[in-house]
Amino acid sequence: MWVGFKSIKMGIGQWLGVEPLPHAFVVNIGYQLQIISNGKLRGAEHRVMTNPREARTTSATFINPSPDCVIHPAEALVNSSNPPLYKAFKYVDFFGTYTAATGDPETVLNPHKLQA
């Protein structure tokens, strides 16, 4: 019996249900790690729906750098075959964009992308 139910957004209005695994520890990465990994990892838009018959406990923890921390693709992941997808920026600038975006990943990421 599932207690909580996580779903991941797959497209406009499309959500994929993800059944929990017993004893699993789930970590959702954010857009910062998507940028640092130069797009190799993806920040997942997600939501949690509860089971109306069972109680559920969730703990959300956010780890953020200092406001002046510079975020950029890791140098070890960038080369002539894999050019940087994102420009360097201060976390404070990213956070301003993120809070104004109201959950739209493209609105969050587009100002930080390098133009192809």
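Two aromatic rings of Phe, Tyr or Trp count as a pair here if their centres lie within 6.5 Å. With that in mind, here are some close-up views of this predicted model.

**Figure 1. Six aromatic residues gather in one cluster.** Tyr31, Phe89, Tyr91, Phe94, Phe95 and Tyr98 make up a single aromatic cluster. By the pairing rule, the count is five aromatic pairs. One of them joins Tyr91 and Phe94, a tilted pair with 6.1 Å from centre to centre and 35 degrees between the planes. Why do both count as tilted? Planes under 30 degrees apart would be stacked and planes over 60 degrees apart edge-to-face, so an angle in between is called tilted.

**Figure 2. Helix 2 sets the spacing of Tyr91, Phe94 and Phe95.** Helix 2 spans residues 91-100 and holds both Tyr91 and Phe94, which sit three residues apart, about one turn of the helix. Tyr91 and Phe95 are four residues apart in helix 2, so about one helical turn separates them.

**Figure 3. Phe94 and its surroundings.** Setting aside neighbours within four places in sequence, Phe94 is in contact with Tyr31, Gln32, Ile35, Phe89, Val108 and His112. Two of these contacts, Tyr31 and Phe89, also belong to the aromatic cluster along with Phe94. Gln32 is worth a look of its own, and the next view turns to this residue.

**Figure 4. Gln32, a buried residue of helix 1.** Gln32 lies in helix 1, which covers residues 31-36. Its relative accessible area is 18%, so Gln32 is classed as buried, the limit being 20%. Beyond residues up to four places away in sequence, Gln32 touches Asn64, Pro65, Ile71, Tyr91 and Phe94.

**Figure 5. The largest nonpolar core.** Ten residues form this core: Tyr31, Ile35, Ile71, Tyr86, Phe89, Tyr91, Phe94, Ala101, Val108 and Leu109. Helix 1, helix 2 and helix 3 (105-109) each contribute at least two of its residues. In soluble globular proteins, nonpolar side chains tend to be buried together.

Figure 6. Lys90 is partly exposed, with a relative accessible area of 38%, while Asp68 counts as exposed at 53%.

**Figure 7. The whole chain, for orientation.** Three helices and five strands make up the secondary structure, in the order β-β-α-β-β-β-α-α from the N terminus. The protein has 116 residues, and 21% of them count as buried. Among contacts between residues at least 6 apart in sequence, 58% join residues at least 24 apart. The accessible surface comes to about 8,500 Å², with 59% of that area belonging to carbon and sulfur atoms.

Note on methods
Residues numbered from 1 in each chain as written. Predicted model: local features only at pLDDT ≥ 70, side-chain atom pairs only at ≥ 80, totals over all residues. Heavy atoms only, no water. Buried < 20%, exposed > 50% of the residue type's maximum accessible area, 1.4 Å probe, protein only. Contact = heavy atoms within 4.5 Å. Areas by Shrake-Rupley, 256 points an atom, 1.4 Å probe, with all protein chains shown as cover. Core = buried A, V, L, I, M, F, W, Y, C linked by side-chain atoms within 4.5 Å.
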